[in-house]
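User: I'm new to this one and would like to go through its aromatic rings and its core. Can you take my questions as they come?

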Amino acid sequence: MYQSFNVTARPEQGPPRLEALRKELSSAALDGFLIPRADAHQGEYVAARDERLSWLTGFTGSAGFCAVLQNIAGVFIDGRYRTQVKQQVAEQAYTPVPWPEVQLHDWLKEQLPRGGRIGFDAWLHAAGQISSLSDRLEGTGILLEPCDNLVDRIWEDQPPAPMKPVVAHPDAYAGESAADKCTRLAKDLENAGQTAALITLPDSIMWLLNIRGSDIPRNPVAHGFAILHSDARVDLFMAEEKLAGLSDHLGASVTVRPPAAFLEAVAALNGNIAVDIDTVPQIVAETLGERLVPGGDPCALPKACKNAAEIEGSAAAHLRDGAAVVELLAWLDAQAPGTVTEIDVVKKLEELRRRDERLRDISFDTIAGTGANGAVIHYRVTTETDTVLKEGDLLVLDSGGQYLDGTTDITRTIAIGTPGSDERAAFTRVLQGMIAISRLRWPKGLSGRDIEAIGRMPLWMAGQDFNHGLGHGVGAYLSVHEGPQRLSRASAVPLQAGMILSNEPGYYREGAFGIRIENLIVAEAAPRIAGGDADRDMLSWRTLTFAPIDRRLIDADLLSGEERTWLNAYHAEVAQKIRPHVSPAAQAWLDDATAAI
């Protein structure tokens with residue numbers, strides 16, 4: 001299987017490791033040390049070698065960091081992980097800190113009123129992070145000092161760096177050759193008076209050069225750095241053994257160099273160098289000095305705005321993925337409550353997805369949380385937490401696949417037996433929010449923060465909400481979480497045609513149940529409406545995900561006529577698109593599951 005169910009970290013391992021780290025603090029004459037989730041490439045997902053936060057604290061979430069002082073160790077986590085962190089860290093050793101409500105600089109000021117020296121690994125923190133933190137600590141006597149990684153000193157069995165092979169990604173799927181991408185982006189650099197751009201995000205390098213790797217589970221990326229020059233040449237800093245057989249694909253304009261040569265190459269650059277200060281490591285920014293020109297990753301926006309081939313591939317992948325999900329839902333409904341577990345569901349779904357010859361991996365570890373586990377937003381089932389699906393419970397099933405032609409991400413909440421009235425009411429409000437976003441038209445130029453409240457309004461009107469963003473960007477056979485676009489109050493990036501995002505409102509009652517419904521949607525130019533402003537360009541969404549929404553959880557009396565019409569039309573389209581691709585048994589189930597309300 002792609003997914004394992006092993007326990008990867010235990011709370012009891014945290015205290016002795018913390019004690020060992022504090023000894024290193026003393027020997028280095030430091031008052032603290034920062035441990036981020038990120039690696040040197042600042043991606044959301046990391047290889048086993050870079051799981052320092054999890055190894056030290058036991059917390060396995062995909063975002064967060066730890067600040068270790070001699071008298072306290074704070075684990076900073078956002079709203080997605082407030083429940084999870086309490087289950088994973090030893091409370092006698094680690095203190096969960098709600099972030100961003102509590103900022104690191106304020107916490108440090110409170111814990112070190114007389115000042116102190118805080119160490120950090122300059123490869124693992126982005127330049128923008130260090131600059132911002134330094135500014136906010138000015139005048140406090142608290143100093144940030146780059147140093148060796150103290151966690152690596154005590155991690156005796158730290159895994160080696162990944163060295164998986166890289167493969168070419170066909171132009172038929174990419175929709176544009178790597179040479180054309182480099183030429184297009186290099187022209188932008190030249191027009192801006194910049195001689196080169198540094199690219200440190202692995203998925204940006206993969207997109208730019210039309211290659212894919214497998215250094216990080218669930219993400220088809222390879223570790224490396226790149227320099228794009230304004231004449232369209234590329235210096236690729238990646239281990240040569242990863243790139244065996246790719247010289248013809250990369251072409252004469254790409255020069256492969258060892259990763260250890262990256263800093264030296266950066267130091268030798270002349271002119272103005274474009275850098276994304278939110279992702280470039282602090283040590284690289286320091287090496288550039290005054291040559292650094294702050295800006296975004298030059299690949300980020302072009303990568304986010306999918307071309308026709310990428311959208312077509314994603315749509316095709318979603319149809320095949322939807323067939324696998326329908327087979328799973330039909331199978332699950334045939335099982336009596338109390339006879340299957342969360343792991344059974346995960347294994348069955350992966351078995352069904354693996355029938356597709358274009359599948360290369362799952363896009364993240366499947367979240368299958370029943371009952372109270374469903375309230376843990378990013379729950380990962382293990383052999384120790386595996387729970388039986390019981391009568392009256394809900395199952396949150398969030399999963400996806402990495403296919404050669406697209407990346408999928410779908411969540412369905414499923415009633416096990418007969419659901420309760422509270423669950424049905426909350427589910428219906430979540431559905432109403434999802435429908436509101438799906439139906440939305442909006443003026444071109446608005447960003448995620450301008451429209452995401454629309455998906456929360458039904459919950460807000462009932463005094464409810466959820467602690468995660470409404471949606472995230474999704475790659476084209478790349479990372480399932482892709483920026484810069486988001487449906488989030490923190491996102492100021494204007495939404496553009498071709499951007500693929502998730503639409504996933506939810507509701508979570510700790511200790512009781514969780515609810516989430518998620519479809520992927522692509523932004524496109526909205527058709528004109530008679531009587532509308534002729535000079536006002538607008539965008540709308542097209543849904544890519546097709547699988548039934550559990551009608552047993554819907555309180556139809558709460559739906560408006562327009563909501564009911566949308567749901568019935570969606571289910572009719574699900575039946576029409578998916579029915580030819582599933583077994584006779586699943587067809588019969590699908591006919592019932594998509595019947596009009």
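User: How many aromatic pairs does the structure hold?
Analyst: Keep in mind that this is a predicted model. Ring centres have to lie within 6.5 Å to pair. Counted that way, the number of aromatic pairs is 12.

User: Are the rings of Phe225 and Phe262 stacked or tilted?
Analyst: Their centres are 4.5 Å apart and their planes sit at 5°. Planes under 30 degrees apart count as stacked. So the pair Phe225 and Phe262 is stacked.

User: How many residues apart in sequence are the parts that this pair ties together?
Analyst: Phe225 belongs to strand β10 (residues 225-229), while Phe262 belongs to helix α11 (residues 262-267). Both of these Phe residues are buried, by the way. The pair therefore ties together parts whose separation in sequence is 37 residues.

User: What about Trp442 and Trp541: are their rings stacked or tilted?
Analyst: Here the centres are 4.7 Å apart, with the planes at 35°. Stacked would need under 30 degrees and edge-to-face over 60. So this pair is tilted.

User: Which strands do Trp442 and Trp541 lie in?
Analyst: The pair links distant parts of the chain, 99 residues apart. Trp442 is in strand β21 (residues 441-443), and Trp541 is in strand β28 (residues 538-543). So the two strands are β21 and β28.

User: Is Trp541 buried or exposed?
Analyst: Buried means under 20% relative accessible area. Trp541 comes in at 8%, so Trp541 counts as buried.

User: Which residues have the most contacts inside the largest nonpolar core?
Analyst: That core has 73 residues. Its largest share, eight residues, comes from helix α14 (residues 308-333). The residues with the most contacts inside the core are Trp541 and Ile549.

User: Which ring does the charged end of Arg354 sit over?
Analyst: Lys577 has its charged end over the ring of Phe546, 5.4 Å from the centre. For Arg354, the distance to the ring centre is 4.0 Å. The ring under Arg354 is that of Tyr2.

Key: Residues numbered from 1 in each chain as written. Predicted model: local features only at pLDDT ≥ 70, side-chain atom pairs only at ≥ 80, totals over all residues. Heavy atoms only, no water. Phe/Tyr/Trp six-rings, centres within 6.5 Å; stacked < 30°, edge-to-face > 60°. Helix = DSSP H or I, 4+ residues; strand = E, 2+ residues; numbered from the N terminus. Buried < 20%, exposed > 50% of the residue type's maximum accessible area, 1.4 Å probe, protein only. Lys NZ or Arg CZ within 6 Å of the ring centre and 35° of its normal. Core = buried A, V, L, I, M, F, W, Y, C linked by side-chain atoms within 4.5 Å.
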